[in-house]
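Please look through the sequence and the model below before reading on.

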Amino acid sequence: MNSNQSTDKPNIFTLGPLEAGPACCDPQPAIQVRDLSLLYDGMIALDKVTLDIYQGCITALIGPSGCGKTSFLSAINRLTDLIPGCNVTGKILVHNQDIHHPDTHAQTLRRQVGMVFQKPTPFPLSIRRNLSLPLNEHGITQKAEIAAIIEQVLRDVGLWDEVHDRQDVSALSLSGGQQQRLCIARALALQPKILLMDEPCSALDPLASGVVEDLICRLRGRYTIVIVTHNLAQARRIANYAAFFWVSGRAGQLIEFGRCQHIFESPSHELTAAYVNGARG
């Protein structure tokens, strides 16, 4: 059970103000990154990044294309393991657990650290099967339990009223915004503690993007969220913290990290100021 769920309603998720989780932010690190470097076939893509991601907060990763933001995101739940020629050095702790320790299994890690990709990626299956399949893969097979989880997560993302009576239709028949919310629901079904989002609104129209953005804000406090975005206005609207990445000598580097207001209104580094003010990038 998610530690932020109401104990007297174990089978009900809500995103209302009473059960959305504690006020953000308690600056306790959920993710600790130390001297993280990524190399692809010997070429440095990300160079010695050290950063703490705080519990229950939304942290936006900003910076130009090719500066290592998605690589950083992928390293947190070891999707980098699936990339041929990728070498990772440094240390990442998720809730004080070394994700590269021999006793840490990637599947278990990815249950705790969910991922939502830039383009909606529903399986070419029914809405119901999109949500039940990952549950089955993680050993959840009881029909009643699966049905309860499906209803919970569809309510969480605001899809229940839209699809509850057509769960057996193809997920590909949904609109782009609905598909992305379904993908978020699929990630939530495994009750992760952390959500990684790689430009989740970039493929959506402004209306659908607004719906997903509002959803992300309502998840704040119940989940630790790390989001890659090129939309600086979006980062400013939704994030508590921002990390600015830049390319130096063809390698991505972390230039500045801090509270979002500080990064956008009084950055410490001249590159950050130039980027957020539109002079660079």
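A salt bridge is a side-chain nitrogen of Lys or Arg within 4 Å of a carboxyl oxygen of Asp or Glu, and the structure holds 8 of them. The model is a predicted one, in which local features need pLDDT of at least 70 and side-chain atom pairs count only at pLDDT 80 or more, while totals for chains, interfaces and linings use all residues. Residues are numbered from 1 along each chain as its sequence is written, and side-chain values use heavy atoms, with hydrogens and water left out.

Side chains of opposite charge can pair when their charged atoms come close. One of the salt bridges joins the side chains of R222 and D156, with 2.7 Å from N to O. This pair links distant parts of the chain, since R222 sits in the loop between α7 (206-219) and β8 (224-228) and D156 in helix α4 (residues 143-156), 66 residues apart; helices (H or I, at least four residues) and strands (E, at least two) are DSSP runs, numbered from the N terminus. R222 counts as buried at 4% relative accessibility, and D156 counts as buried at 2%, where buried means under 20% relative accessible area, exposed over 50%, and partly exposed in between (1.4 Å probe, protein chains only).

Another salt bridge is formed by the side chains of R128 and D168, at 2.9 Å from N to O. Here too distant parts of the chain are linked, with R128 in helix α3 (residues 127-137) and D168 in the loop between α5 (160-163) and α6 (176-188), 40 residues apart. R128 is partly exposed, at 34% relative accessibility, whereas D168 is exposed, at 57%. In the salt bridge between R78 and D81, which spans 2.8 Å from N to O, R78 is buried at 13% and D81 is partly exposed at 41%.

Turning to the record, an unreviewed UniProt entry places the feature "domain: ABC transporter" at residues 31-276; UniProt positions are given in the numbering used here, feature names are shortened, and annotations may be inferred rather than shown by experiment. Over residues 31-276 the chain is 37% helix and 28% strand, and the end C-alpha atoms are 25 Å apart.

Finally, L36 lies in strand β1 (residues 29-40) and is buried, with a relative accessible area of 1%. Leaving aside neighbours within four places in sequence, L36 is in contact (heavy atoms within 4.5 Å) with residues including L46, V49, F72, V88 and I92. The C-alpha atoms of L36 and Q178, 142 residues apart along the chain, are separated by 35 Å.
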